[in-house]
Amino acid sequence: MTAPHAHLETITRNTLSRLALALGITLAFVVVEAVAGVVANSLALLTDAAHNFTDVIALALSWYAMRMTSKPAHAGKTFGYHRVGILVALFNSTTLVLIALGIFYEAYHRLLAPPTVEANILTLVAAIAFVVNLVTALLVKRGSENDLNLRSAFVHLAGDAASTFAAILAGIGIMLTGWKWLDPLVSVFIALLILWNAWIIIREVIDILLESTPRDVDMDQIIRDLTQVDGVQGVHDLHVWSINQSLRALSAHIQTDDMTLSAGAAIQNAINKVLIDKHGIAHSILQLE
């Protein structure tokens with residue numbers, strides 16, 4: 001086994017361990033928060049428990065996708081299983097939208113007739129939830145910048161940390177003012193936060209599944225860089241797409257002078273170096289003309 005492969009396997013194992021730990025912590029707290037929400041008659045706690053339960057599902061699916069992504073490519077899956085994580089991210093973000101719509105519906109009725117809320121229980125449990133969500137979010141954060149699967153799980157957890165902090169403020173506000181409508185109002189805030197995060201992930205997933213040009217790729221700049229390579233006369237039929245968030249692919253027709261096979265190979269090597277060094281594209285399909 002080569003050193004890079006051994007290093008990649010070590011990273012994958014560490015990530016799977018962190019996901020499993022975050023999953024266990026979150027699942028245990030969902031039970032505690034749901035019971036507290038029923039006792040306190042708090043919609044903010046119950047909605048946050050429901051959101052935390054989606055975190056359990058998200059973490060479990062992310063763990064599964066990470067396991068699948070590490071499987072090698074074969075004749076039936078020549079690009080491997082990289083897009084399993086993209087499908088998981090799409091599922092996670094879609095469930096977030098459905099949950100947010102349910103929260104809006106329930107919050108509307110509670111705003112019309114605010115029920116009595118045990119503000120002290122709301123505040124205490126929300127404070128514990130904030131710590132739990134913050135810890136689990138930090139467990140998942142490493143690597144989420146370049147992996148949409150991990151990012152979808154991290155957004156679930158980070159969103160929970162923000163929403164539970166808002167629940168703490170609602171509990172304190174109810175204790176100080178007696179304004180029971182603060183509880184469903186916080187639930188609306190939580191739902192808006194969920195929707196915003198879900199939309200960001202869905203937009204990126206759709207771009208990848210439609211094989212759109214990545215938003216941070218400048219096609220004109222790629223053409224300018226490639227035409228600066230010695231021997232390149234022109235570039236056309238250029239396509240850039242994403243296999244997953246961090247793995248990009250490119251195909252292009254490269255116009256050159258009539259030359260030997262070895263000279264053409266040298267041009268291809270030079271082009272590949274430019275693509276990797278300047279644009280982070282490691283997989284390229286080049287046709288010399």
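**A helix and its neighbours**

The buried residues of α8 pack against α7 (219-227), β1 (232-242), β2 (248-256) and β3 (283-288); packing here means contact, with heavy atoms within 4.5 Å. Keep in mind that this is a predicted model, where local features need pLDDT of at least 70, side-chain atom pairs count only at pLDDT 80 or more, and totals for chains, interfaces and linings use all residues. Residues are numbered from 1 along each chain as its sequence is written, and side-chain values use heavy atoms, leaving out hydrogens and water.

So which residues of α8 are buried? They are Gly 264, Ile 267, Ile 271, Val 274, Leu 275 and His 279, where buried means under 20% relative accessible area, exposed over 50% and partly exposed in between (1.4 Å probe, protein chains only). These residues cover an arc of only 95° around the axis, which puts them on the same side of α8; the arc is taken from the directions from the helix axis to the C-beta atoms. Turned away from that buried side is a face with the exposed residues Ser 262, Asn 269, Lys 273 and Asp 277. Just past the end of α8, Gly 280 has a positive phi of about 65°.

Now for the surface. Leu 21, Ile 25, Val 131 and Val 135 make a nonpolar patch of about 310 Å², and α1 (3-40) and α4 (119-141) each give at least two of its residues. Val 135 sits in α4 and is partly exposed, at 40% relative accessible area. Patch members have over 30% relative accessible area and no salt bridge, with like charges joined within 9 Å and nonpolar side chains (Val, Leu, Ile, Met, Phe, Trp, Tyr) within 5 Å. A salt bridge is a side-chain nitrogen of Lys or Arg within 4 Å of a carboxyl oxygen of Asp or Glu.

Notes
Helix = DSSP H or I, 4+ residues; strand = E, 2+ residues; numbered from the N terminus. Areas by Shrake-Rupley, 256 points an atom, 1.4 Å probe, with all protein chains shown as cover.
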